[in-house]
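Morning, everyone. Please have the sequence and the model open while I talk.

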Amino acid sequence: MNRKVSRNQFKTRWLPILLFVGPVMLYYIGFMIYPFLATFYYSFNTIAPIKGELTVTFVGLKNYIDLLGDPIFIQSVKNTLIWSIVGPVMEILTALTLAFLIYFKVPLHRFYRTAWFTPLLVSGVIVGLVFRWIFNYEWGLLNVSLRAVGLDDWALNWLGRRDTPLMVVIFVHYWATFGYSMVLLLAGLSAVPEELLDAARVDGANRFQVILKIMIPILWPTMITVLVLSFIGKMRAFHIVWALTGGGPLHFTETVATYVQKRAFGWNTLDLGYPSAMSVLWFGVVMIGVGLINRWLKRQVEY
Amino acid sequence: MNPSIRLTSRDTSFIHRFQGILGKGGLTIILMAFTLIVLVPFIWMVIMSFRNTGDILNNPFGFPQTLEFENYRKLLFDPEIGFGRYFYNSIVVSGGALLVTLILSTMGGYGFGRSRYDFKFRGWVFGLLLFALMLPPQIFFIPQFTMMSRLGLLNSYWSLILIYAATALPVSTYLMSTYFSQLPSELEDASQIDGCTHWQTFWLVMLPLARPAILTVTLMNFMNFWNELLLAITLVTDPKMRTIQAALMMFVGENGSNYAIAAASLVLSMLPTLILYLIMSDKFIEGLTAGAVKG
């Protein structure tokens with residue numbers, strides 16, 4: 001192959017590819033991949049402004065070692081892990097039930113679908129602030145209702161105690177996102193061939209057998225997706241926590257996401273290395289979590 | 001072309017059986033109660049926004065005695081509050097980021113989606129792009145901040161526009177590429193024979209065909225940009241440049257005791273997405289789920 005041919009080939013074959021794929025990849029590498037790698041680099045350094053200039057000082061594994069002895073970090077890891085185990089389970093159980101009801105055309109199913117999806121449109125800030133009012137001790141909707149029916153003892157200071165705030169955060173996020181899981185499952189259900197259901201019925205299978213033996217296995221990949229997305233959603237959740245409790249009281253609802261932002265920009269600790277180490281560690285945890293869900297659930301289906 | 005979400009089973013006997021167990025109407029009552037829990041926060045928020053704070057504190061449950069438009073009037077016209085400014089900031093940021101996202105993702109989606117542009121490491125390159133799809137934003141945002149700081153773009157619209165667009169690219173390009181890959185190649189071939197360049201074929205022939213996918217990508221990203229907070233409070237700290245979400249946080253903090261006007265500000269801020277949702281709820285739901293189901 002002589003040079004002229006290969007130059008020609010470049011022009012007709014590679015130039016158009018570069019024209020279309022080039023811009024998006026360059027942009028993405030510049031604004032996403034580079035920051036991703038830089039976070040790893042930052043995590044081994046102290047990055048603090050000295051005389052107005054961001055100065056990088058190599059500290060090795062110091063940030064990581066410090067993290068393991070940081071009680072607030074450990075608290076926020078604990079909170080986030082509890083949340084990301086409880087949350088997805090609550091969500092998939094609700095979403096599965098509701099999706100089946102809509103699939104089998106419960107009366108008013110179109111109205112329900114629209115209504116249940118609505119919380120998803122609202123920003124985390126609005127959700128957080130409105131629920132901050134709903135759970136307000138004195139005049140919040142919940143406590144006023146409880147007092148109205150005589151359950152004064154149940155009207156707690158929901159967001160001001162040691163034990164309830166995390167539960168409230170979990171509930172509010174669940175309220176905001178179960179509709180998403182439900183719609184994902186509905187989309188998965190629409191892939192179930194009706195002929196298969198008819199055939200099973202002709203063979204004498206009852207409704208619950210149809211669901212358990214036919215629909216659940218077909219739906220299984222979607223269920224894994226829903227669990228993974230829900231899990232990641234809790235791991236990265238920032239907006240709702242920020243607006244609802246801000247991580248308080250006394251870090252009882254602190255999550256890794258909120259703590260990273262506080263250490264990087266909120267408090268005047270002036271070091272970007274330490275929060276970067278947190279992000280890296282957390283990235284590892286998310287990856288391991290997603291891997292475990294996938295592995296564990298993929299195996300279940302091979303019966 | 002998309003998995004139709006409207007599709008439901010032809011069979012309704014399952015529901016009848018359920019109703020049989022719970023008694024007639026029992027199922028409806030349970031579902032209605034559940035729906036009420038889902039909708040009450042919205043309803044309460046809207047009612048609050050038409051009352052005044054004194055009334056709210058006296059009787060949180062009550063309906064407005066007289067409709068108070070005062071809260072909205074203040075928000076919209078009181079220059080001291082400057083709510084319009086934040087609205088404007090959000091529109092500029094969301095619109096700008098959307099424009100960048102659309103340009104890059106339609107081109108990229110076309111390149112990745114059409115088999116004629118297949119190349120040796122396409123799978124790897126595409127994989128690299130999709131890598132960021134599921135990562136938490138915390139793994140990017142600190143260097144993104146230093147980057148913007150070095151470029152001198154902190155506290156400007158550009159910082160948010162550039163970074164928002166970057167975060168939206170993986171899923172948007174993915175959706176566009178899926179859509180483009182399903183278009184027939186006859187039109188493409190014909191326009192090529194007629195002497196169109198690659199760019200003309202893309203711009204004049206294929207892009208107009210991708211309108212449904214463009215709408216999906218637009219809706220999904222607009223909502224995400226409009227509702228974003230983490231980057232909005234990280235890259236912009238100048239009060240005048242705040243987006244609406246960051247402004248809400250500040251606003252409610254400063255007007256801590258004026259719940260009525262705070263509620264009105266929340267209602268106003270969610271109007272754009274709510275209106276879009278009411279007009280095309282199916283398209284919205286599709287947009288928010290399409291990426292996940294196929295991925």
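First, the conventions. This is a predicted model, in which local features need pLDDT of at least 70 and side-chain atom pairs count only at pLDDT 80 or more, while totals for chains, interfaces and linings use all residues. Residues are numbered from 1 along each chain as its sequence is written, and chains are lettered from A and ligands numbered from 1 in the order in which they are written.

Now the contact between the chains. It takes 81 residues from chain A and 79 residues from chain B. On the side of chain A that touches chain B, helix α1, residues 3-42, gives the most, with 17 residues. Helices are DSSP runs of H or I with at least four residues, strands are runs of E with at least two, and both are numbered from the N terminus. By class, that side of chain A has 63 nonpolar, 14 polar and 4 charged residues. Nonpolar covers Ala, Val, Leu, Ile, Met, Phe, Trp, Tyr, Cys and Pro; charged covers Asp, Glu, Lys and Arg; the others, Gly among them, are polar.

Next, the strands of chain A. Strand β1 (residues 45-50) and strand β2 (residues 53-58) of chain A pair in the antiparallel sense over 6 bridges; pairing requires that DSSP finds at least two bridges. A:N45 has A:F58 in β2(A) as its bridge partner. The two strands form a hairpin with 2 residues between them, and A:K51 in the turn has a positive phi of about 50°.

Two loop residues also have a positive phi. Most residues other than glycine have a negative phi. A:K105 has a phi near 55° and sits in the loop between α3 and α4 of chain A. A:H251, with a phi of about 65°, is in the loop between α10 and α11 of chain A. The cut-offs are 20 or more other C-beta atoms within 10 Å for buried, 12 or fewer for exposed, and partly exposed in between, with C-beta atoms placed from the backbone.

Helix α5 of chain A, residues 124-134, is mostly covered, with 10 of its 11 residues buried. One of the buried residues is A:V127, which has 24 other C-beta atoms within 10 Å. Leaving aside neighbours within four places in sequence, A:V127 is in contact with A:P119, A:V122, A:V172, A:A176 and A:I240.

Now a helix pair. The axes of α7 (residues 164-189) and α9 (residues 207-236) of chain A come within 9 Å and cross at roughly 160°. Therefore α7(A) is roughly antiparallel to α9(A), a word used for angles over 145 degrees. The residues of their contact divide into 5 nonpolar, 8 polar and 1 charged. Among those that meet are A:H173 and A:T177 in α7(A), and A:L219 and A:T222 in α9(A).

Last, chain B. It has 15 helices and 0 strands. Of its 295 residues, 44% are buried. Residues 24 or more positions apart account for 76% of the contacts in chain B with a separation of 6 or more.

Definitions and conventions:
Contact = placed C-beta atoms within 7 Å. Axes fitted to C-alpha atoms, helices over the stretch in contact; angles between N-to-C directions. Parallel < 35°, antiparallel > 145°, perpendicular 65-115°, else oblique.
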